[in-house]
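Hi,

Here is the structure I promised to pass on.

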Amino acid sequence: MTKHEFEVDMTCEGCSGAVTRILNKLGDVKFEIDLPKKLVWIESDKDVDVLMETLKKCGKEVKYNGTK
């Protein structure tokens, strides 16, 4: 599985909670959230565009940083 890094404009636990809920619904993904650095790492075989659109559902600005 590929590990992708995204920058998500999260400011609080509520934001990271929203990201967690959205990614859990996606299924078949492993992820880590670093709230202070506003980073989300997602391990998935899904297309980057799918992951990006999913993250945008939390209403925050999302930027793709590439694979890690």
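**The sheet**

Strand β1 (residues 2-8) pairs with β4 in the antiparallel sense, over five bridges. Before I go on, this is a predicted model, so to speak: local features need pLDDT of at least 70, side-chain atom pairs count only at pLDDT 80 or more, and totals for chains, interfaces and linings use all residues. Residues are numbered from 1 along each chain as its sequence is written, and side-chain values use heavy atoms, with hydrogens and water left out.

On terms: helices (H or I, at least four residues) and strands (E, at least two) are DSSP runs numbered from the N terminus, and two strands pair if DSSP finds at least two bridges between them.

In that β4 pairing, H4 stands opposite T67. The whole sheet is open, with four strands in the order β2-β3-β1-β4 and antiparallel pairing. β2 (30-34) and β4 (62-67) are at the edges with a single partner strand each, so one side of each has no neighbour in the sheet. From one strand to the next, the twist averages 20 degrees.

β2 and β3 also pair in the antiparallel sense over five bridges, and D34 has L39 in β3 as its bridge partner. Their hairpin has four residues between the strands, and K38 there takes a positive phi near 60 degrees.

**The helices**

α1 lies across β1, β2 and β3 (39-44), running at about 170 degrees to β2. α2 lies across β1, β3 and β4, at about 35 degrees to β1. Axes here are lines fitted to C-alpha atoms (for helices, over the stretch in contact), and angles run from 0 to 180 degrees between N-to-C directions.

How do the two helices pack against each other? Helix α1 (residues 13-26) and helix α2 (residues 48-56) meet at an angle of about 140 degrees, with their axes 9 Å apart. α1 and α2 are therefore oblique to each other (under 35 degrees is roughly parallel, over 145 roughly antiparallel, 65 to 115 roughly perpendicular, the rest oblique). V19, I22, L23 and L26 of α1 and V50, L51, T54 and L55 of α2 make the contact, meaning heavy atoms within 4.5 Å.

**Salt bridges**

Counting a side-chain nitrogen of Lys or Arg within 4 Å of a carboxyl oxygen of Asp or Glu, there are four salt bridges. One of them joins the side chains of E32 and K3 (3.2 Å, N to O). E32 is in strand β2 and K3 in strand β1, so the pair ties together parts that are 29 residues apart in sequence.

Cheers
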